[in-house]
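Subject: Structure handover

Hello,

I am passing on the structure we spoke about. My notes follow it.

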Amino acid sequence: MVPVLIGTTLLIYLAVFALPGDPIRVLGGDKPMSPAVYQALRHHYHLDDPLIVQYGKYLWGLVRGDFGETLNGQPVGDVLTGGWTVTVQLAVTAWVFELVVGIALGVWAGLRKGGVIDTLVLSGTTLVIAIPGFVLAYSAQLLFGLKLGWFPTAGTDDGWPYSYLLPGILLGSLSLAYIARLTRTSLVENGRSDYVRTAVAKGLSRRRVLVRHTLRNSLIPVVTYLGVDLGNLMAGAIIIEGIFNLPGIGQQIWLAIQVKDGPTVVGISTFLVLIYLLANLVVDFLYGVLDPRIRHD
Amino acid sequence: MTEVAEATAQTGAAIEGGAASLWSDAWRDLCRRVTFWVSAVILLFMGVMAAFPSLFTGLGANDGCDVRQAKQRPASWNPFAGGDHPFGTDSHGCDYWAQVVHGTRAPIVVGFLVTAIALTLAIVLGSVSGYYGRLLDAFLSRITDIFFGLPLILGALVILTAFPSHGMMTESLVLGLLWWPTMTRLMRGQVLSVRDADYVQAARMIGASDGRIMLRHILPNAVAPVFVYAMLNVGVVIGYEATLDYLGVGLQYPTVSWGLQLSQAQEIFTDYPYLLIYPAVFLTATVLSFLLLGDAVRDALDPKLR
Amino acid sequence: MKVKGMLVGIVAVAMAASACGGGGGSGNKSKVFTYAITEPEHLIPGNTNDAQGLTVDSALFDTLMTLDPSGKPVMEDAASVDTTDQKVWTIKIKPGLTFHNGEPVTAQSYADAWNATANSANAWGNGYYLGSIEGYADLNPDKGKPKVDKMKGLKVVDPQTLQVTLSQPFSQFPYVLSFIGTAPMPKAAFTDLKAYEQKPIGNGPFMIDGSWEHNKQIKLKKFAGYKGTRPAKSDGVTFKEYAGRDAAYTDLRAGKVDFDNQIPAAKAPEAKRLLGDRLITVPSGTMDFLEFPLYDPAFKNPDLRKAISMAIDRQAIVNAVYNGTFKPMASLLAPIVPGYRANACGEACTYNPQQAKQLFDKAGGYKGTLHLVFSNADATYEQWMTDVANQLKQNLGITDIKFDKVQVSDYLTKLSDHKAAGPYRSNWTMDYPSPEDYLTPRCAKPTRSGYDGAACEALIMKGNAAKTPQEGQQYYQQAEDMVLKDMPITPLWNWQDQLGSSSHVGDIHADPYVYPLVHLDQVTVK
């Protein structure tokens, strides 16, 4: 986990700082900046050091819990603490939505394979995957937010969950489609397996077979996906937070990329990677809970 | 549930199916699927449009634009009803039908290029890593993990923002270089699963070289699922490219693409919905066709589901 | 853990989540209004040069002078500003004025703030505004740290009198005194500037309530001890921070924010429909130009530059991209600048495709790829550049046109290093409504376009030393004519801001010369 974290941050660091662009000039805007001011700013952000020294200084700060300073002079740590609650609330809303509705749809479709519901779920989810997320988001904002007035259109004034419902549903809809399909496929496959047939032959009730045997095993790939997906949701927040004006870290990083505010980009990315790796740890643990074979190893 | 019937069907499939006739079986199966035909026809249509736009419109890309004629709504929702501009005009006063036709090529080319780059990397890295195992595998897997941990959209944004005047090729290269980890993992898993098969052992015993074993024995048996994934992937890349266009870091003039059209429509689509709807329909139809085609091929190749 | 249990848990969470919707809402009776901004870069006046920060600072701070509705400098904190030679200025400060913490506003408060602003060791953005003051150069050496920390041109005569000596006569100095970046700072600020920026103490009609809540809001309340010229009529103003203009506008439409001065031009017709009288178009000092790289031999010929200028249909582009809200321009000055002449440029800025083509052919045409250069800061740049490209293709027959979209962080460096590959977007935001502010960057060495502006610079100098505004204006206009004739740059259009307000606020006095476009102190809450 640690090598992956270091490798990924180095990758982002190089991408941000080795590529062209002079963030100091952005600070000056359209107005002239005296050479003395320019030099003072470059020195302040360590931009006059060689790249590897810059990275070293950054890592050393990171170890001490210092994420660096944004180009506006605000600690990146503050930016993170200000934004992460919003993004986490958004991601959790999306996550719960895709988990509950996705699994429910998948089970419903899987139990009636080839039926009307199954076809509807399959074609509906494929359509959701095929429509670009931002088109879906804009249309939903216009329809449910402005025209029908069911949901707030922007901002977090109404608090959780109301402000986060529509953006959360939209953020989760893509993954929901994958989860529904994954649940369905693995349910259908497991439904034909020997142990399920044995259970049915033993005369267990359909309900018990479904819950104790089929579903439990079918959920293993779904859990893997849900773990990986938490990282995806954080990244997908870049687009959704922009459209719905949620002041989370997705929005911060998008603004920071535009003005080449390196410390912010690297700081937030590191945080995202950390979340992603932690989610994977949790998945590994859940594996054991769901799959007795792994537990007994 | 008709478990008995399904069970027989499965055994039947197991008896007649063999590795050698996998592809021909799959083809026969495909021919019976409606989704396969529908998506194939749509993709063929889009392909022709991308290759020969002049068959569909007399205007070149960005041709005959008059900004004084900007944002003229189509005369009727039926594009075949006639009139100068069946799809209306865009915000630069260009004929929207012509622009949508010319917008086909870029996304499809990017979709295939990115997939091809990623697929090549995946096949090479995945086979090497799966076949040789040990240290090399550990090293490559670690690199894959590192790239996997980097959210794709983040990487693409950072790199593409640094080179704002990039073209189609640069964009494809950047995306391709970020896209390979999933496919590589898939490829490695496939190679691992056939590496110790009897026929590979046999080939090794009669003294075949590593290269020969990989090319003649392992690859043909390992590559099918990766190919199917790649096909599904083309559609995903196309949707992705549109998102990058929307964020303003994708393609640009004089290239014409659906994503760019959507990006320009987003500000004014409440007043001019057709500017959003036309490219969205074309884009969605294309992505959908790739997904359905991929689905159909996967189902056909998987005897368990047959 | 059992699967059933897990599912039950999830359902319970989902139900709990859906049960507690709604909430929030208002209910508070205090007369506070909200104003949409994006996250400011800074709040210390000397370091604040972005429109967002200046908007907030204009509520927090008063300056020595301010601009009246016709754009003329008038007294604010100053009782009088006198000079005889445009070089030595004597400023008397009104007695009895205090900062929000009770500290009196004195000549020293101004001197301290200005010395800190000009000091390159602080690296504050507004230093160059004070460049006309004697001793500025000592604080901005070409190499290394400055050896002094005070400008010798600043003299505190007594607590109410400040004497400023400039290095050269500069008749436009009162405009500098009316810029928010020259606001005073209290002693308390200098003990910890970082903390001060989070909780600025100003001398304006509003004071900070709490501290700067980054990316969320900045709450200000009425300053009870205010003795200045513009007391607040409301109980406070909250600046709500948005990620972008679209999001802010969406909230204005939903009635969730009271003011939004950055309604995207593309939304103007819809806003007019929805808001009616509550949408006000306020003229702006911001200008867009197309500037030519004169250092590139291909653009040496003035006829080619004129041909390009005449092939651009400014009105049509403004209609299509900015919904007709921006104004096509034939002058280097914005209309709100005293001394503006509507048709200073004449036929060289008038759309005339036939004559443009003739001039183009006479100049020998253009060979190779024509690059159009702009930054990725705003999506509309690409939109209007596309129209310019289409028109050059259509009217002049240049078929090979490519875009060179440059990252915003690289753009200005590229221009000042003379690396632009072709005509580029140039933009000027007004510091103060004087022709001098618009013309100096066009002529003063080194110019971005590579234009030799020595003659024009001499005229500007004469204007700066003029005894009366009328005399100064003559010289400035001669300078403008000279630049337009040589055409290193051609005006495109003047921005117009769309100010929308909610139905909860009244007494909206729009004014292009104040940063938020409306006098915040006069706003009342219904």
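I start with chain B, where UniProt, in an unreviewed entry, places the feature "domain: ABC transmembrane type-1" at residues 108-294. UniProt positions are given in the numbering used here, feature names are shortened, and annotations may be inferred rather than shown by experiment. The model is predicted: local features need pLDDT of at least 70, side-chain atom pairs count only at pLDDT 80 or more, and totals for chains, interfaces and linings use all residues. Residues are numbered from 1 along each chain as its sequence is written, while chains are lettered from A and ligands numbered from 1 in the order in which they are written.

Chain B

The span 108-294 of chain B is 83% helix and 0% strand, and its end C-alpha atoms lie 16 Å apart. Helices (H or I, at least four residues) and strands (E, at least two) are DSSP runs, numbered from the N terminus. Chain B as a whole has twelve helices and zero strands. Its C-alpha atoms fill a box of roughly 75 × 50 × 35 Å, taken along the principal axes.

The unreviewed UniProt entry also lists "transmembrane region" for residues 34-52, 108-131, 143-163, 222-240 and 276-297 of chain B. Among them, residues 143-163 of chain B are 86% helix and 0% strand, with end C-alpha atoms 25 Å apart. Residues 222-240 of chain B are 100% helix and 0% strand, and there the end C-alpha atoms lie 27 Å apart.

Chain A and its contact with chain B

The contact takes 36 residues from chain A and 34 residues from chain B; two residues are in contact if their C-beta atoms, placed from the backbone, lie within 7 Å. On the side of chain A that touches chain B, at least two residues each come from α1 (2-18), α6 (116-130), α7 (133-147), α10, α11 (249-258) and α12 (262-290) of chain A. The largest share, eight residues, is that of α1(A). By class, this side of chain A divides into 25 nonpolar, eight polar and three charged residues. Ala, Val, Leu, Ile, Met, Phe, Trp, Tyr, Cys and Pro count as nonpolar, Asp, Glu, Lys and Arg as charged, and the others, Gly among them, as polar.

Within chain A, the axes of helix α8 (residues 162-191) and helix α10 (residues 206-244) come within 8 Å and cross at roughly 165°. Axes are lines fitted to C-alpha atoms, for helices over the stretch in contact, and angles run from 0 to 180 degrees between N-to-C directions. α8(A) and α10(A) are therefore roughly antiparallel to each other (an angle over 145 degrees). The contact of α8(A) with α10(A) has 14 nonpolar, ten polar and one charged residues.

Chain C

In chain C, UniProt lists "domain: Solute-binding protein family" (unreviewed entry) for residues 78-442. That span of chain C is 29% helix and 20% strand, with end C-alpha atoms 32 Å apart.

Four strands of chain C form an open sheet in the order β4-β5-β7-β6, with antiparallel pairing; two strands pair if DSSP finds at least two bridges between them. β4 (78-83) and β6 (154-158) of chain C are the edge strands, each pairing on one side only. Neighbouring strands of this sheet are turned by 20° against each other on average, direction ignored. Strand β5 (residues 88-93) and strand β7 (residues 161-165) of chain C pair over five bridges, and C:Val88 has C:Thr165 as its bridge partner in β7(C). Helix α3 (residues 107-118) of chain C packs on the sheet and touches β5, β6 and β7 of chain C; its direction makes about 165° with that of β6(C).

Regards

Notes:
Parallel < 35°, antiparallel > 145°, perpendicular 65-115°, else oblique.
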